[in-house]
Amino acid sequence: MGQRMFIALYPPQLVVDELTEFLHARPQMPWINPEQWHITLAFLASVPSARTDELIDRLRNSFARKNALSLQLCGAGVFPSPDRAKVLWMRPVALSGDLETLARTARNTANTCGATPDGRAFTAHLTVARLRRPIEATRWLRILNSFTSSSWQASHIRLIASYLGEGPSRRPRHEEVARFALHEE
């Protein structure tokens, strides 16, 4: 069995601080630790250890040809549905560039290295809460939809190893394996 990994964009500290302040005023929800906020481009359930170096090299080459994005958190959503929500998330909006293209690049590149990504359709999101039991979340969607972050230049993508149950409160522990620069115009 290989290593659980994901390929992601992380918001800058300014945006983390803005969202933290917004959510802190609403302590009724079990918010995820801001250090773990990210936008997953590809989830890789099992990366063979013998292929990790190849994956890093191929991702570096693939992303070097992609342009940096201008992003903003604006809007919210839930999984699986508002009447039975188990995950609350913020919507990253590309002001320039295309998140879907980056996700496709991440997934295609990983697949060529034997690190098959999950088969789920890409939905750009930044998870802010995971719930033990489903809730009716229409009210929370209205609240989260009122938040808009500062815009930022996303110029790096990270490959992260995920260790289930090893973080605080038995949450996953994330460890950066590599960082890849996007082309800046």
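Residues are numbered from 1 along each chain as its sequence is written, and side-chain values use heavy atoms, with hydrogens and water left out. Because the model is predicted, local features need pLDDT of at least 70 and side-chain atom pairs count only at pLDDT 80 or more, while totals for chains, interfaces and linings use all residues.

The largest nonpolar core has 57 residues. Such a core is a set of buried Ala, Val, Leu, Ile, Met, Phe, Trp, Tyr and Cys residues joined through side-chain atoms within 4.5 Å; buried means under 20% relative accessible area, exposed over 50%, and partly exposed in between, with a 1.4 Å probe and protein chains only. Ile7, Leu9, Leu19, Leu41, Leu88 and Val128 have the most contacts inside the core. Contact means heavy atoms within 4.5 Å. With neighbours within four places in sequence set aside, Leu88 is in contact with Met29, Gly77, Val78, Leu126, Thr127, Val128, Ala129, Leu131, Trp140 and Leu144.

One of these partners, Thr127, is placed in strand 5. Helices (H or I, at least four residues) and strands (E, at least two) are DSSP runs, numbered from the N terminus. Thr127 has a relative accessible area of 11%, so it is buried. Beyond four places in sequence, Thr127 is in contact with Ile32, Trp37, His38, Val87, Leu88 and Trp89.

Thr127 also belongs to the lining of the largest pocket, where His38, Arg120, His125, Thr127 and Arg130 lie nearest the centre among 28 lining residues. On a 1 Å grid over the protein atoms alone, a pocket is an open set of points where a 1.4 Å probe fits, with protein on both sides within 12 Å along at least five of seven lines; lining residues have an atom within 4 Å of a point. The volume of this pocket is about 1,000 Å³, a volume being the space filled by probe spheres set on the points, which are joined across faces, edges and corners. Strand 1 (3-9), strand 2 (39-47) and strand 5 (126-135) each give two or more residues to the lining, and strand 5 gives the largest share, four residues. By type, the lining has 12 nonpolar, nine polar and seven charged residues; Ala, Val, Leu, Ile, Met, Phe, Trp, Tyr, Cys and Pro count as nonpolar, Asp, Glu, Lys and Arg as charged, and the others, Gly among them, as polar.

The loop between strand 3 (69-79) and strand 4 (85-96) holds Pro80, which is joined to Phe79 by a cis peptide bond with omega of about -5°. Pro82 lies in that loop too and is partly exposed at 36%. Its contacts outside four places in sequence are Ile135, Glu136, Ala137, Thr138 and Leu141. Pro82 and Glu136 are 54 residues apart in sequence, but 5.8 Å apart from C-alpha to C-alpha.

Arg158, in strand 7 (residues 156-163), is partly exposed at 22%. Arg158 touches Phe6, Ile7, Ala8, Tyr10, Glu176, Ala178, Arg179 and Phe180, not counting residues up to four places away in sequence. Asp53 in helix 2 (residues 52-64) is exposed at 59%, and its C-alpha is 9.9 Å from that of Ala178.

Finally, the whole structure has zero disulfides, each defined as a pair of cysteine sulfur atoms within 2.5 Å. Cys74 is partly exposed at 33%, whereas Cys113 is buried at 1%.
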